[in-house]
Structure formats: C-alpha cells, structure tokens
Amino acid sequence: MYPSVHILTSLILALVLYPYFGLYSIVIFLAGFLIDIDHYFEYVARTGNLSPFKAYKEGIEFAKKCYKLRKSLRKDILHIFHVVEFYALIAILAIYSKFFLSIFIAITFHIILDIVALTYRNAIKARAHSLIGWLIRHTK
C-alpha cells in the first residue's frame, strides 16, 4: 500500500481516537506509517544501497507494477515489523502500557489495510507473516 494512504488513514484514526487517547494519538499517527521503515531495511539488505530516496522510488515503482498486474513480483519478503512475532510482542507490552497500546492499535489498523491490499492484488504470499517460518524456509 502506498505510504500516503497509510499516513492519511493513520491521521484519521488518530483524530477519531484523540478523545480517548489524548496526546497518545500522536503515537497512533506516527506508528501507523512508521512501521513501514522495515521496507527500507529490506531494501538495504537486498541491494546494499543506503539511499532512502532510491528505496522510496523503487518501492513506489514496484507497488505501481504490482497493483497494475494485481500480483506481487516477489515472494516471501521479510518485513520485520509486519510479522506475527513482533505483533505478539507489542500486544503483550500493550497490556502494561498505554504507549504500547497506542502502537498496537496503529499497527493493527496498518496490518489490516496491508492484508486488504495484498488480498486485492492476489499477493498475500508476497510477504512473510512469521519470522520463524521465514528463517526455517531460508536456512535450509
């Protein structure tokens, strides 16, 4: 999904939840799209290039191609903040902290949007959903 969609939807979510979360709604807004920093990490690991501008440009071009084809051009991409193990860790921390509860709400919303987008373009297998599963598949 395009970053602009995540930014806009995170802003709307933060505004809706502001009466309940107060200033923590800023955390909701930021976490709702900053979770995608792992796309940059994956780009650096794959290409060795540290340029965030090139990573962003490649990501947008890749997304456009995938949306046009309604499928992903790659499979089993590891985005470390999108795996179930990270999500479970944030869920556990959310029990004890309003800060982490804010992050949990934001990433839940983010991941739902990603799943809808991946399903729409028939690319649900494009992303690894478990770190452990990814490690098993890639350490044979």
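**View 1. Lining of the largest pocket.** Helix α4 (52–69) supplies nine residues to the lining of the largest pocket, the largest share. The model shown here is predicted. The largest pocket holds about 780 Å³ of space. Its lining is made up of 33 residues, and those closest to the centre are Pro3, Asp36, His39, Tyr40 and Gly59. Besides α4, the elements that give two or more residues to this lining are α1, α2, α3 (37–47) and α6. By class, 20 of the lining residues are nonpolar, five are polar and eight are charged.

**View 2. The second largest pocket.** This pocket has a volume of about 170 Å³. It is lined by 13 residues, of which Glu42, Arg46, Ile77, Leu78 and Trp134 lie closest to its centre. The most lining residues, five, come from α3. The lining has six nonpolar and six charged residues, with one polar residue.

**View 3. The largest nonpolar core.** Twelve residues form this core: Leu13, Ala14, Leu17, Phe21, Val27, Ile28, Ala31, Ile35, Ile90, Ile103, Ala106 and Ile107. The elements that contribute two or more residues to the core are α1 (3–21), α2 (24–34) and α6 (98–120). Of these, α1 gives the largest share, four residues. In soluble globular proteins, nonpolar side chains tend to be buried together.

**View 4. Surroundings of Ala14.** Ala14 is one of the residues of the largest nonpolar core. Leaving aside residues up to four places away in sequence, Ala14 touches Ser25, Ile28 and Phe29.

Conventions
Residues are numbered from 1 along each chain as its sequence is written. This is a predicted model: local features need pLDDT of at least 70, side-chain atom pairs count only at pLDDT 80 or more; totals for chains, interfaces and linings use all residues. Side-chain values use heavy atoms; hydrogens and water are left out. A nonpolar core is a set of buried Ala, Val, Leu, Ile, Met, Phe, Trp, Tyr and Cys residues joined through side-chain atoms within 4.5 Å. Buried means under 20% relative accessible area, exposed over 50%, partly exposed in between (1.4 Å probe, protein chains only). Contact means heavy atoms within 4.5 Å. On a 1 Å grid over the protein atoms alone, a cavity is a set of points where a 1.4 Å probe fits but cannot get out, and a pocket is an open set with protein on both sides within 12 Å along at least five of seven lines; lining residues have an atom within 4 Å of a point. Grid points are joined across faces, edges and corners, and a volume is the space filled by probe spheres set on the points. Ala, Val, Leu, Ile, Met, Phe, Trp, Tyr, Cys and Pro count as nonpolar, Asp, Glu, Lys and Arg as charged, and the others, Gly among them, as polar.
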